Amino acid sequence: LRPTALGIGQQSPTMLLLLLCLLLSPQGCSTRYDPTWESLDSRPLPTWFDEVKFGIFIHWGVFSVPSFGSEWFWWYWQKEKRPSYVEFMETNYPPGFSYEDFGPLFTAEFFDANQWAAILKASGAKYVVLTSKHHEGFTLWGSKYSWNWNAVNVGPKRDIVAELATSIRNRTDLHFGLYHSLFEWFNPLFLYDASNVFKTRQFPTAKSLPELYEIVTKYQPEILWSDGNGNAPDTYWNSTGFLAWLYNDSPVRDTVVTNDRWGVGSICKHGGYYTCSDRYNPGHLLPHKWENCMTIDKRSWGYRRNTQLSDYLTIEELQLVETVSCGGNLLMNIGPTHDGRIDVIFQERLRQMGVWLSVNGEAIYGTKPWRTQNDSKDRNVKALFKNWPLFKGPLERTPHNNSFQSWNIFFLKFLENKSDQ
């Protein structure tokens with residue numbers, strides 16, 4: 001028989017190439033991205049991220065040992081020499097005590113990854129982001145690029161990243177993500193490059209980029225939360241080159257989500273989703289997916305021993321409904337103690353959120369923002385009241401409340417058919 005119109009003999013070279021690609025490549029002929037922002041920004045955001053809506057941020061590191069003031073303790077004490085930090089050290093530690101001396105005191109003896117996983121699961125969160133390395137340079141895994149300044153060699157003598165990743169994946173349905181600081185405050189290589197106005201690139205070549213490749217290949221995070229550009233441009237960090245590898249060839253190329261902090265000028269402009277600033281909440285719809293990363297402790301991302309009850313946001317102040325109604329995700333931060341405990345005030349807020357989501361989650365997960373955040377009569381729209389208005393009978397306007405907006409109602413479109421846009 002002669003080949004039909006659909007037979008191999010009648011196929012064009014392009015079709016043959018496509019068939020060959022599908023046969024030879026496990027991933028098929030997926031789109032490849034060039035190391036340019038124009039190309040990288042064209043990558044569609046993996047759909048799971050918009051659907052999950054709520055995640056937990058965990059700031060944990062050597063800064064959890066002094067647990068005073070802020071996770072920026074080292075910088076405020078040694079660089080800016082803020083009086084309260086200098087006085088704290090002079091009062092509580094012997095002369096000559098260095099920040100590196102805090103390393104062995106980061107003990108994590110009460111760290112139980114399974115317990116953390118249970119607490120995070122109870123919150124109703126659908127993803128978690130752990131600080132694998134903050135600006136102090138201490139890595140929570142045994143990085144071969146951070147010799148003797150990592151959690152396997154110093155302090156806990158444990159691979160914190162591996163333990164938590166395993167528990168999260170085995171015991172919950174949360175997506176596991178990692179935060180990574182591009183720069184390090186006092187790393188000599190970075191300081192050398194900065195003194196050369198970033199015309200040299202010793203630090204990203206020897207330290208930052210190898211770490212990024214290491215955590216992606218070893219732990220396969222589904223969120224890569226970059227931070228800390230050190231006032232250097234993305235060309236210094238080779239951010240576009242790394243992201244092209246991440247999107248094209250990494251083991252998480254199909255599922256990984258990235259943020260927008262990849263060098264000076266990239267924030268709120270380039271990357272997978274936008275963060276724009278810490279505690280960002282525009283209060284209106286944005287054309288691009290965004291995230292509100294915020295803290296339960298109003299003053300710090302890391303744990304503080306000297307907090308007052310009034311320093312913590314109440315459950316009513318956590319902004320989940322406002323954020324989701326405007327198209328964002330909420331990434332709510334907690335700061336564990338140096339010995340590995342999630343303090344009870346954080347546990348309480350997490351469980352309160354979980355209880356609320358167990359009742360109202362249908363109006364949060366998998367929803368799309370409605371065209372207005374005020375009133376609507378569309379039967380497919382969910383209305384969430386932050387505070388219940390005082391009225392008699394059915395929902396109606398009153399002389400004192402001329403619009404539903406004054407009652408703090410937030411609307412989300414509920415998609416029974418997920419393909420409905």
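**Exercise 1.** In which helix do Glu 211 and Lys 207 both lie, and how many residues apart are they?

*Solution.* The structure is a predicted model.
Step 1. Locate the residues: Glu 211 and Lys 207 are both part of helix H9, and they are four residues apart, which is about one turn of the helix.
Step 2. Check the side chains: those of Glu 211 and Lys 207 form a salt bridge, at 2.4 Å from N to O. The cut-off for such a pair is 4 Å.
Step 3. Check accessibility: Glu 211 and Lys 207 are both buried.

**Exercise 2.** Find the salt bridge between Glu 184 and Lys 207 and state where in the chain each residue lies.

*Solution.* Step 1. The side chains of Glu 184 and Lys 207 meet at 2.6 Å, N to O.
Step 1. Glu 184 sits in the loop between E3 and helix H8 (188–195), while Lys 207 belongs to helix H9 (residues 202–219). The two residues are 23 residues apart, and the pair links distant parts of the chain.
Step 2. Glu 184 is buried, as is Lys 207.

**Exercise 3.** Are Arg 304 and Asp 297 buried or exposed, and how many salt bridges does the model have?

*Solution.* Step 1. Arg 304 and Asp 297 form a salt bridge, with 2.9 Å between their closest N and O atoms.
Step 1. Both Arg 304 and Asp 297 are buried, that is, under 20% relative accessible area.
Step 2. The count of salt bridges is 18. A network of them links Asp 50, Lys 53, Lys 289 and Lys 368.

**Exercise 4.** Which strands pair with strand E2, and in which sense?

*Solution.* Step 1. Strand E1 (residues 54–58) pairs with E2 in the parallel sense, over four bridges. Gly 55 is opposite Tyr 127 of E2.
Step 1. Strand E3 (residues 175–181) also pairs with E2 in the parallel sense, over six bridges. Here Thr 131 has Tyr 179 in E3 as its bridge partner.
Step 2. Follow the chain from E2 to E3: the path runs through helix H7 (residues 160–171), and this β-α-β crossover is right-handed.

**Exercise 5.** Why is strand E2 described as largely enclosed by the rest of the structure?

*Solution.* Step 1. Strand E2 covers residues 127–133.
Step 1. Seven of its seven residues are buried, so E2 is largely enclosed by the rest of the structure.

Terms used:
Residues are numbered from 1 along each chain as its sequence is written. This is a predicted model: local features need pLDDT of at least 70, side-chain atom pairs count only at pLDDT 80 or more; totals for chains, interfaces and linings use all residues. Side-chain values use heavy atoms; hydrogens and water are left out. Buried means under 20% relative accessible area, exposed over 50%, partly exposed in between (1.4 Å probe, protein chains only). Two strands pair if DSSP finds at least two bridges between them. A crossover is right-handed if, with the strands pointing away from the viewer, the path from the first strand over the helix to the second runs clockwise.
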